[in-house]
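Thanks for coming, everyone. Let me put the structure on the screen, and then we go through it feature by feature.

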Amino acid sequence: GCKGDSFEVVITVNPTVGVNAVADQVLCNGDDTLAVEFSTTLDSEATSEGTISYTWTNDNTNIGLAASGTGNIPSFTATNSTTGPITANLTVTSVYTYNNVSCEGESETFTITVNPSPLVEFSEDEQFITSGDTTVPVTLSSPTDGVTFTWTATAEDGITGLATTSGTDTIPAETFLNTTTEPLTVTYTAIATGDVGFDCEGLPTDYVVTVNPLAQVNPLDDQVVCNEENLLLEFTTNILGGTMTYTWTNDNSAIGLSNAGTGNIDITATNTT
(Lines give C-alpha, C1' and ligand atoms only; values in the text may rest on other atoms or scores of the structure.)
Protein backbone atom coordinates (compact mmCIF):
# COMPACT_ATOMS: atom_id res chain seq x y z
CA GLY A 1 0.00 0.00 0.00
CA CYS A 2 2.74 2.48 -0.84
CA LYS A 3 1.96 5.39 -3.23
CA GLY A 4 4.56 5.82 -5.96
CA ASP A 5 5.63 8.83 -8.02
CA SER A 6 3.16 10.42 -10.43
CA PHE A 7 3.62 11.93 -13.87
CA GLU A 8 1.53 13.74 -16.46
CA VAL A 9 0.67 12.62 -19.98
CA VAL A 10 -0.32 15.43 -22.39
CA ILE A 11 -2.71 14.45 -25.14
CA THR A 12 -3.06 17.03 -27.93
CA VAL A 13 -6.04 16.68 -30.25
CA ASN A 14 -5.69 18.57 -33.50
CA PRO A 15 -8.87 20.28 -34.66
CA THR A 16 -10.89 19.31 -37.69
CA VAL A 17 -10.88 22.36 -39.91
CA GLY A 18 -13.16 23.16 -42.78
CA VAL A 19 -12.93 25.33 -45.87
CA ASN A 20 -14.79 28.56 -46.31
CA ALA A 21 -17.31 28.55 -49.15
CA VAL A 22 -15.92 29.28 -52.62
CA ALA A 23 -18.01 31.14 -55.17
CA ASP A 24 -19.01 29.36 -58.37
CA GLN A 25 -17.81 30.85 -61.65
CA VAL A 26 -19.49 31.06 -65.07
CA LEU A 27 -17.30 32.06 -68.00
CA CYS A 28 -17.03 32.02 -71.77
CA ASN A 29 -14.57 29.96 -73.76
CA GLY A 30 -11.29 31.87 -73.82
CA ASP A 31 -11.99 33.94 -70.69
CA ASP A 32 -9.54 34.07 -67.79
CA THR A 33 -10.94 32.69 -64.56
CA LEU A 34 -10.75 34.49 -61.23
CA ALA A 35 -7.94 33.19 -59.04
CA VAL A 36 -9.28 30.95 -56.25
CA GLU A 37 -7.78 31.49 -52.80
CA PHE A 38 -8.86 29.04 -50.12
CA SER A 39 -9.35 30.06 -46.50
CA THR A 40 -10.44 28.59 -43.17
CA THR A 41 -12.16 30.13 -40.16
CA LEU A 42 -10.24 28.91 -37.10
CA ASP A 43 -9.45 30.27 -33.68
CA SER A 44 -6.17 32.17 -33.47
CA GLU A 45 -4.44 29.69 -31.15
CA ALA A 46 -4.99 26.74 -33.46
CA THR A 47 -3.90 28.79 -36.42
CA SER A 48 -0.66 29.93 -34.82
CA GLU A 49 0.20 26.47 -33.49
CA GLY A 50 -0.31 24.54 -36.70
CA THR A 51 -0.37 24.97 -40.46
CA ILE A 52 -3.30 24.61 -42.84
CA SER A 53 -2.90 23.35 -46.41
CA TYR A 54 -5.38 22.51 -49.17
CA THR A 55 -5.72 19.81 -51.78
CA TRP A 56 -8.26 19.88 -54.61
CA THR A 57 -9.66 17.70 -57.35
CA ASN A 58 -11.39 18.56 -60.63
CA ASP A 59 -13.73 16.14 -62.41
CA ASN A 60 -13.59 17.82 -65.84
CA THR A 61 -10.18 18.74 -67.24
CA ASN A 62 -11.81 19.94 -70.50
CA ILE A 63 -12.25 23.37 -68.87
CA GLY A 64 -8.45 23.83 -69.05
CA LEU A 65 -7.56 22.86 -65.46
CA ALA A 66 -5.62 19.82 -64.22
CA ALA A 67 -7.40 16.94 -62.49
CA SER A 68 -5.85 17.71 -59.10
CA GLY A 69 -3.49 20.01 -57.28
CA THR A 70 -2.50 21.62 -54.01
CA GLY A 71 -2.78 25.15 -52.69
CA ASN A 72 -4.67 27.98 -54.32
CA ILE A 73 -5.76 27.85 -57.96
CA PRO A 74 -4.26 30.68 -60.02
CA SER A 75 -6.17 32.26 -62.87
CA PHE A 76 -6.23 30.16 -66.04
CA THR A 77 -7.82 30.42 -69.48
CA ALA A 78 -11.12 28.55 -69.51
CA THR A 79 -11.74 26.31 -72.54
CA ASN A 80 -14.78 24.73 -74.14
CA SER A 81 -14.44 23.20 -77.60
CA THR A 82 -18.02 21.90 -77.68
CA THR A 83 -21.29 23.52 -78.70
CA GLY A 84 -22.87 23.48 -75.22
CA PRO A 85 -21.92 24.49 -71.67
CA ILE A 86 -19.54 22.25 -69.72
CA THR A 87 -19.21 22.22 -65.93
CA ALA A 88 -16.41 21.08 -63.67
CA ASN A 89 -17.02 20.16 -60.03
CA LEU A 90 -14.05 21.08 -57.87
CA THR A 91 -13.68 19.68 -54.37
CA VAL A 92 -11.17 21.23 -51.98
CA THR A 93 -10.13 19.59 -48.71
CA SER A 94 -8.26 21.26 -45.85
CA VAL A 95 -5.44 19.58 -43.92
CA TYR A 96 -4.37 20.78 -40.44
CA THR A 97 -0.82 19.84 -39.45
CA TYR A 98 0.65 20.19 -35.97
CA ASN A 99 3.57 18.38 -34.32
CA ASN A 100 4.05 16.31 -37.49
CA VAL A 101 0.48 15.01 -37.31
CA SER A 102 -1.77 15.90 -40.25
CA CYS A 103 -5.55 15.75 -39.95
CA GLU A 104 -7.77 15.93 -42.99
CA GLY A 105 -10.69 18.26 -42.51
CA GLU A 106 -13.98 18.89 -44.18
CA SER A 107 -14.37 19.48 -47.92
CA GLU A 108 -16.04 22.21 -49.91
CA THR A 109 -17.32 21.83 -53.49
CA PHE A 110 -17.78 24.56 -56.06
CA THR A 111 -18.26 24.66 -59.82
CA ILE A 112 -16.72 26.33 -62.85
CA THR A 113 -19.01 26.45 -65.87
CA VAL A 114 -17.62 27.36 -69.29
CA ASN A 115 -20.04 28.39 -72.01
CA PRO A 116 -19.04 27.75 -75.63
CA SER A 117 -18.02 30.25 -78.26
CA PRO A 118 -19.62 29.96 -81.70
CA LEU A 119 -17.08 27.92 -83.63
CA VAL A 120 -15.89 28.50 -87.20
CA GLU A 121 -15.21 25.56 -89.48
CA PHE A 122 -13.69 25.68 -92.99
CA SER A 123 -14.66 23.49 -95.95
CA GLU A 124 -11.02 23.08 -97.00
CA ASP A 125 -7.86 22.15 -95.13
CA GLU A 126 -5.00 24.65 -95.02
CA GLN A 127 -3.82 25.29 -98.58
CA PHE A 128 -0.31 25.23 -100.02
CA ILE A 129 0.13 26.65 -103.52
CA THR A 130 2.96 27.76 -105.79
CA SER A 131 3.37 31.36 -106.86
CA GLY A 132 0.98 32.04 -109.74
CA ASP A 133 -1.51 29.32 -108.75
CA THR A 134 -5.12 29.95 -107.74
CA THR A 135 -6.60 28.89 -104.40
CA VAL A 136 -9.75 26.82 -103.93
CA PRO A 137 -12.78 28.74 -102.57
CA VAL A 138 -13.49 28.07 -98.88
CA THR A 139 -16.96 27.99 -97.31
CA LEU A 140 -17.41 28.92 -93.66
CA SER A 141 -19.78 26.99 -91.40
CA SER A 142 -20.43 26.32 -87.71
CA PRO A 143 -21.91 23.48 -85.63
CA THR A 144 -23.85 26.24 -83.85
CA ASP A 145 -27.08 27.23 -85.60
CA GLY A 146 -28.09 30.81 -86.25
CA VAL A 147 -24.65 32.43 -86.45
CA THR A 148 -23.20 34.77 -89.05
CA PHE A 149 -19.60 35.06 -90.21
CA THR A 150 -17.15 37.83 -90.95
CA TRP A 151 -13.54 37.49 -92.01
CA THR A 152 -10.58 39.71 -92.84
CA ALA A 153 -7.44 38.84 -94.79
CA THR A 154 -3.83 39.97 -94.52
CA ALA A 155 -0.89 39.01 -96.71
CA GLU A 156 2.78 39.05 -95.81
CA ASP A 157 5.02 41.53 -97.63
CA GLY A 158 6.04 39.99 -100.93
CA ILE A 159 2.60 38.57 -101.75
CA THR A 160 0.54 40.20 -104.49
CA GLY A 161 -2.92 39.29 -105.75
CA LEU A 162 -4.99 39.71 -102.59
CA ALA A 163 -7.99 41.41 -104.17
CA THR A 164 -10.56 40.78 -101.42
CA THR A 165 -9.59 41.66 -97.85
CA SER A 166 -12.91 41.01 -96.09
CA GLY A 167 -16.08 39.01 -96.50
CA THR A 168 -18.76 36.88 -94.87
CA ASP A 169 -19.66 33.27 -95.73
CA THR A 170 -17.08 32.38 -98.40
CA ILE A 171 -13.38 33.01 -98.91
CA PRO A 172 -13.07 33.45 -102.70
CA ALA A 173 -10.50 31.93 -105.02
CA GLU A 174 -7.45 34.17 -105.41
CA THR A 175 -4.36 34.00 -107.61
CA PHE A 176 -1.30 34.85 -105.56
CA LEU A 177 2.22 35.74 -106.62
CA ASN A 178 5.21 35.35 -104.31
CA THR A 179 7.95 37.73 -105.38
CA THR A 180 10.46 36.56 -102.76
CA THR A 181 12.71 33.52 -102.34
CA GLU A 182 10.89 32.00 -99.35
CA PRO A 183 7.38 30.74 -98.53
CA LEU A 184 4.91 33.45 -97.47
CA THR A 185 1.39 33.27 -96.08
CA VAL A 186 -2.02 34.85 -96.50
CA THR A 187 -4.09 34.65 -93.29
CA TYR A 188 -7.89 34.84 -93.19
CA THR A 189 -9.22 35.54 -89.67
CA ALA A 190 -12.86 34.56 -89.23
CA ILE A 191 -15.33 35.15 -86.36
CA ALA A 192 -18.79 33.66 -85.85
CA THR A 193 -21.34 35.78 -83.99
CA GLY A 194 -25.01 35.48 -83.11
CA ASP A 195 -27.54 34.70 -80.40
CA VAL A 196 -26.51 31.19 -79.35
CA GLY A 197 -28.17 31.21 -75.94
CA PHE A 198 -25.07 32.40 -74.11
CA ASP A 199 -23.52 35.80 -73.78
CA CYS A 200 -20.30 34.70 -75.45
CA GLU A 201 -18.58 36.15 -78.49
CA GLY A 202 -16.90 33.99 -81.08
CA LEU A 203 -13.12 33.68 -81.00
CA PRO A 204 -10.97 34.63 -84.01
CA THR A 205 -10.07 31.54 -86.03
CA ASP A 206 -7.32 31.63 -88.66
CA TYR A 207 -7.28 29.98 -92.06
CA VAL A 208 -3.85 30.07 -93.72
CA VAL A 209 -2.78 29.84 -97.35
CA THR A 210 0.95 29.28 -97.87
CA VAL A 211 2.36 30.54 -101.17
CA ASN A 212 5.63 28.88 -102.11
CA PRO A 213 8.07 30.71 -104.42
CA LEU A 214 8.75 29.44 -107.90
CA ALA A 215 11.56 26.92 -108.16
CA GLN A 216 14.87 28.45 -109.25
CA VAL A 217 18.34 27.13 -110.09
CA ASN A 218 21.45 29.23 -110.31
CA PRO A 219 23.15 29.13 -113.74
CA LEU A 220 26.37 27.16 -114.25
CA ASP A 221 29.27 28.12 -116.43
CA ASP A 222 29.88 26.10 -119.58
CA GLN A 223 32.52 23.41 -119.09
CA VAL A 224 35.43 22.40 -121.32
CA VAL A 225 37.26 19.26 -120.15
CA CYS A 226 39.55 16.60 -121.55
CA ASN A 227 38.66 13.01 -122.35
CA GLU A 228 38.70 10.82 -119.20
CA GLU A 229 38.64 13.90 -116.96
CA ASN A 230 36.29 13.92 -113.97
CA LEU A 231 33.47 16.47 -114.14
CA LEU A 232 31.39 17.51 -111.11
CA LEU A 233 28.43 19.88 -111.51
CA GLU A 234 26.59 20.92 -108.31
CA PHE A 235 23.27 22.73 -108.60
CA THR A 236 22.30 25.49 -106.15
CA THR A 237 19.34 27.80 -105.56
CA ASN A 238 18.52 31.08 -103.86
CA ILE A 239 15.18 29.72 -102.58
CA LEU A 240 14.85 29.38 -98.80
CA GLY A 241 12.70 26.90 -96.94
CA GLY A 242 11.38 23.60 -98.21
CA THR A 243 13.37 21.11 -100.29
CA MET A 244 14.75 21.78 -103.76
CA THR A 245 15.34 18.94 -106.22
CA TYR A 246 16.81 19.09 -109.71
CA THR A 247 16.15 17.22 -112.98
CA TRP A 248 18.25 17.57 -116.11
CA THR A 249 18.42 16.39 -119.72
CA ASN A 250 21.41 15.90 -122.02
CA ASP A 251 21.27 15.83 -125.84
CA ASN A 252 24.61 14.01 -126.33
CA SER A 253 25.22 10.87 -124.27
CA ALA A 254 28.54 10.34 -126.12
CA ILE A 255 30.20 12.63 -123.51
CA GLY A 256 29.67 9.88 -120.89
CA LEU A 257 26.45 11.28 -119.41
CA SER A 258 23.00 9.71 -119.73
CA ASN A 259 20.23 11.52 -121.55
CA ALA A 260 18.37 12.46 -118.32
CA GLY A 261 18.76 12.32 -114.57
CA THR A 262 18.23 13.96 -111.20
CA GLY A 263 20.47 15.67 -108.67
CA ASN A 264 24.06 16.79 -109.21
CA ILE A 265 26.21 15.48 -112.07
CA ASP A 266 29.42 13.56 -111.35
CA ILE A 267 30.91 11.79 -114.39
CA THR A 268 34.05 10.90 -116.17
CA ALA A 269 33.88 12.79 -119.45
CA THR A 270 34.56 10.79 -122.63
CA ASN A 271 35.29 11.52 -126.27
CA THR A 272 36.17 8.62 -128.54
CA THR A 273 36.35 10.79 -131.66
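Is Cys28 buried or exposed? Cys28 is buried, at 14% relative accessibility. Here buried means under 20% relative accessible area, exposed means over 50%, and partly exposed is in between, with a 1.4 Å probe and protein chains only.

A word on the basis. This is a predicted model: local features need pLDDT of at least 70, side-chain atom pairs count only at pLDDT 80 or more, and totals for chains, interfaces and linings use all residues. Residues are numbered from 1 along each chain as its sequence is written, and side-chain values use heavy atoms, with hydrogens and water left out.

Back to the cysteines. The structure holds one disulfide, meaning a pair of cysteine sulfur atoms within 2.5 Å. The partners are Cys28 and Cys200, with sulfur atoms 2.0 Å apart. The link is left-handed, at -85° about the S-S bond. Now two other cysteines. Cys2 is exposed, with a relative accessible area of 80%. Cys226 is exposed too, at 52%.

Next, strand S5, which covers residues 101-115 and holds Thr113. Thr113 is buried, at 15% relative accessibility. Which side chain does Thr113 join in a polar contact? That of Thr87, at 3.0 Å. A polar contact is a pair of N or O atoms within 3.5 Å; within protein, one must be able to donate a hydrogen and the other to accept it, and residues adjacent in sequence count only if both atoms are side-chain atoms. Now the contacts of Thr113, meaning heavy atoms within 4.5 Å. Neighbours within four places in sequence are left aside, and the list is Gln25, Val26, Leu27, Pro85, Ile86 and Thr87.

Look at the backbone here. Most residues other than glycine have a negative phi. Asn99 has a positive phi, near 55°. Asn100 also has a positive phi, about 65°, although it is not a glycine. Are they buried or exposed? Asn99 is exposed, at 64% relative accessibility. Asn100 is exposed, at 79%.

On to Thr180. Its place is the loop between strand S13 (177-178) and S14. Thr180 is partly exposed, at 27% relative accessibility. Which polar contacts does the side chain of Thr180 make? One goes to the side chain of Asn178, at 2.8 Å. In another pair, the backbone oxygen of Glu182 lies 3.0 Å from a polar atom of the Thr180 side chain. Leaving aside neighbours within four places in sequence, Thr180 is in contact with Asp157, Gly158 and Pro213. Thr180 and Gly158 are 22 residues apart along the chain, and their C-alpha atoms are separated by 5.9 Å.

Now Gln127, in strand S7, residues 127-130. Gln127 is buried, with a relative accessible area of 9%. Which residues are in contact with Gln127, beyond four places in sequence? The list is Thr135, Val136, Val138, Tyr207, Val208, Val209 and Thr210.

Thr41 lies in the loop between S1 and helix H1 (44-49). Thr41 is exposed, with a relative accessible area of 66%. From Thr41 to Thr249 is 208 residues along the chain, and the C-alpha atoms are separated by 86 Å.

Last item, the segment before S1. Phe7 is found there, and Phe7 is exposed, at 71% relative accessibility. Which residues make the nonpolar surface patch of about 540 Å²? Phe7, Val9, Ile11 and Val13. Patches are made of residues with over 30% relative accessible area and no salt bridge; like charges are joined within 9 Å, and nonpolar side chains (Val, Leu, Ile, Met, Phe, Trp, Tyr) within 5 Å. A salt bridge is a side-chain nitrogen of Lys or Arg within 4 Å of a carboxyl oxygen of Asp or Glu. Accessible areas come from the Shrake-Rupley method with a 1.4 Å probe, and for residues only the protein chains shown count as cover.

Terms used:
Helix = DSSP H or I, 4+ residues; strand = E, 2+ residues; numbered from the N terminus.
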